[in-house]
Amino acid sequence: MCLLKEISVNLVTLNILGEKSAGKLDPDLYLRDTSVLSADFIRRHDNSEKLMSAYLGTAEENPPAFSHSPQVYYKKLLQSNVSGLIAVLNSRQLSVAQIASVKISAGLPLLDERRRSEIIAAKRTFAAEIDLHTETALAIFELIHDESLRYQQELTNTDRSGSGFALFRLPGETQVQYISDDCPLFIRPGDGSLPADAGGFIFAPFDPQMYPTCLLAGPPQNADTLTLERLAKILHLGKADAEKDTDESDFKASVADFSAKARTKATPADKIVLSAVKYIKLRSHFNQADYFLRICDSCPHSFVSLFYTRETGMWIGASPELLLCQTADRISVSVLAATKGEADLSDWSDKEYREFAYVRRFIEETMTEKGLMPENPLRSPDTVISGPLRHLKMTLTANTDADTDITRFLEKLHPTPAVCGYPRPEAKKLITSYEKHAREYYAGYLGIISPHYKNLYVNIRCGRILPNFLRLITGVGIIAASSRNKNGRKYC
Ligand SMILES: C=C(O[C@H]1C=CC=C(C(=O)O)[C@@H]1O)C(=O)O
């Protein structure tokens with residue numbers, strides 16, 4: 001019975017190996033699956049402190065940075081820990097060569113000749129790759145691979161639908177951090193403010209009267225490869241909307257309508273931000289953790305995030321826009337507006353400075369109202385690069401004191417004219433009349449909060465991951481001088 005089970009597990013193992021070895025063996029693929037598992041395997045099966053540190057020593061003290069793809073990371077991890085792994089295996093009563101030969105002889109005769117030789121060749125390549133004695137390498141491979149099957153099964157069977165997580169990378173940093181919470185807190189419309197002592201990751205919608213604000217409690221932790229692997233297994237992505245992309249001619253008609261009315265003062269708002277939706281088809285083996293890491297590489301100056309709860313769905317984004325940063329006795333708010341391509345080195349036009357001025361005016365007024373006096377108000381904005389785009393940007397900074405109520409200030413500040421318009425109540429109404437889609441969490445805000453520290457970003461350059469699609473949303477500010485050719489294709 002036991003042997004039969006062993007043989008059938010082994011067949012699955014060998015078949016997987018066979019699939020992957022059709023053509024040329026890609027050692028990265030094996031290493032990706034196996035090395036993550038090896039760390040977990042050793043942790044769970046060996047209590048010996050000495051052996052654990054032989055295995056984990058170098059990797060934990062000095063882990064390979066996340067600047068590479070996960071495949072490269074795994075490969076480095078395995079290579080740097082092979083000797084520790086062998087030490088662990090040698091400590092067992094069983095001979096590793098024995099394990100390998102039993103497993104291989106149980107599985108191979110059941111396969112046809114061509115398949116068998118492919119598998120043997122693949123195994124040899126694997127052994128050569130990590131430069132070990134073949135038998136030892138095979139045994140390590142088999143042990144880890146069996147474990148990997150069991151582990152994959154465990155991940156697939158785990159229903160994490162009640163839980164939530166936020167994976168994020170701060171601008172200019174390489175370390176990926178995360179917070180996960182099995183019981184997220186939802187502040188629903190009408191529930192009032194966030195608790196004053198709230199700490200964790202906050203994910204707020206564009207309109208808190210329409211969707212809940214979500215808080216994942218807990219301090220951020222550094223994410224390792226196993227965390228990423230687990231997060232990539234989230235299965236509940238919600239239902240795919242039946243919606244279509246925003247029609248470009250409809251979008252242009254809205255821009256033309258608003259700007260014409262603004263020119264003749266026939267509209268109550270001076271600026272509105274209109275957004276457009278675009279659906280991108282995802283490939284069948286789309287992996288959100290890999291996608292997240294790719295965005296980290298391509299947007300080094302952005303706040304890159306992957307956020308999930310069953311209620312909000314899975315959101316991914318790379319925001320260039322700091323909403324608010326609060327430290328012990330200081331607060332910074334960023335003013336961001338106007339867009340052109342990264343390669344466009346022309347001067348900013350009056351129209352673009354005017355778009356920026358609406359945002360700046362609103363933020364300065366809101367800060368002053370709350371007793372926060374912005375320093376350096378006479379400075380002019382800088383140009384910043386965000387992925388393939390350039391924007392006008394300025395950071396307004398002020399001192400805070402014990403009486404400053406940052407939570408109330410945040411409620412007043414969001415949404416700024418950078419994502420809504422000016423004046424806000426009128427702009428909000430107009431957005432509802434022009435836009436046919438739900439913004440949900442687009443143009444909301446997200447980031448870390450605690451009673452004395454906040455680091456929050458505006459949720460733009462983002463999208464919701466649906467089972468087969470990425471639903472991207474982007475917006476542009478429209479004023480009287482806006483061109484009727486302005487479209488919603490900012491970066492889609
Ligand atoms: C609302 C968005 O961008 C804002 C930030 C920078 C420039 C903007 C603009 O060009 O209008 C927007 O105000 C978005 O990208 O969805």
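The model is predicted, and local features are reported only where pLDDT is at least 70, side-chain atom pairs count only at pLDDT 80 or more, and totals for chains, interfaces and linings use all residues. Residues are numbered from 1 along each chain as its sequence is written. Helices (H or I, at least four residues) and strands (E, at least two) are DSSP runs, numbered from the N terminus. A residue is called buried if 20 or more other C-beta atoms lie within 10 Å of its own, exposed if 12 or fewer, and partly exposed in between, with C-beta atoms placed from the backbone.

**Helix α11**

- Helix α11 covers residues 350–369, and its 20 residues should span 28 Å at 1.5 Å a residue, which agrees with the 28 Å between its end C-alpha atoms; the expected span is 1.5 Å times one less than the number of residues in the helix.
- The buried residues of α11 include Glu352, Glu355 and Arg360, and also Phe356, Tyr358, Phe362 and Met367.
- Among the elements that cover the buried residues of α11 are β7 (271–281), β11 (330–341), β13 (389–399), β14 (421–422) and β18 (469–478), where two residues are in contact if their C-beta atoms, placed from the backbone, lie within 7 Å.
- Just after α11, glycine 371 takes a positive phi of about 75°.

**Helix α9**

- The 16 residues of helix α9 (residues 248–263) should span 22 Å at 1.5 Å a residue, and the end C-alpha atoms are 22 Å apart, in agreement.
- Phe251, Ser254, Val255, Phe258 and Ala262 are the buried residues of α9, and they cover an arc of only 95° around the axis, which puts them on the same side of α9; the arc is that of the directions from the helix axis to the C-beta atoms.
- An α-helix has 3.6 residues a turn, so residues three or four places apart point the same way.
- The buried residues of α9 pack against β7, α13 (424–434) and β18, and just after the helix lysine 265 takes a positive phi of about 55°.

- Strand β1 (residues 164–169) is largely enclosed by the rest of the structure, because 6 of its 6 residues are buried.
- Gly164, Ala166 and Phe168 point one way from β1, while Phe165, Leu167 and Arg169 point the other way.
- Strand β1 runs antiparallel to strand β2 (residues 177–181), to which 5 bridges join it, and two strands are said to pair if DSSP finds at least two bridges between them.
- Strand β8 (residues 303–309) also pairs with β1 in the antiparallel sense, over 5 bridges.
- The bridge partner of phenylalanine 165 in β2 is serine 180, whereas the bridge partner of phenylalanine 168 in β8 is serine 305.

**Surroundings of the ligand**

- The ligand is surrounded by 16 residues, of which the closest are Thr339, Ala418, Ile460, Gly475 and Gly477, and a residue is near a molecule or strand if its C-beta atom, placed from the backbone, lies within 6 Å of it.
- The elements that give two or more residues to this shell are β11 and β18.
- By class, the shell has 8 nonpolar, 5 polar and 3 charged residues; Ala, Val, Leu, Ile, Met, Phe, Trp, Tyr, Cys and Pro count as nonpolar, Asp, Glu, Lys and Arg as charged, and the others, Gly among them, as polar.

**Alanine 204**

- Alanine 204 lies in strand β4 (residues 200–204) and counts as buried, with 25 C-beta neighbours inside 10 Å.
- Not counting residues up to four places away in sequence, alanine 204 touches Thr213, Gly444, Tyr445 and Leu446.
- The C-alpha atoms of alanine 204 and threonine 312, which are 108 residues apart along the chain, are separated by 9.8 Å.

**Backbone geometry to check**

- A cis peptide bond with omega of about -5° joins histidine 414 and proline 415, and proline 415 lies in the loop between α12 (406–413) and β14.
- A cis peptide bond with omega of about -15° joins tyrosine 422 and proline 423, and proline 423 lies in the loop between β14 and α13.
- Alanine 338, found in strand β11, has a positive phi of about 70° although it is not a glycine, and this residue is buried, with 23 other C-beta atoms within 10 Å.
- Arginine 461 has a positive phi of about 55° although it is not a glycine; arginine 461 is found in the loop between β16 (453–458) and β17 (462–465) and counts as buried, with 25 C-beta neighbours inside 10 Å.
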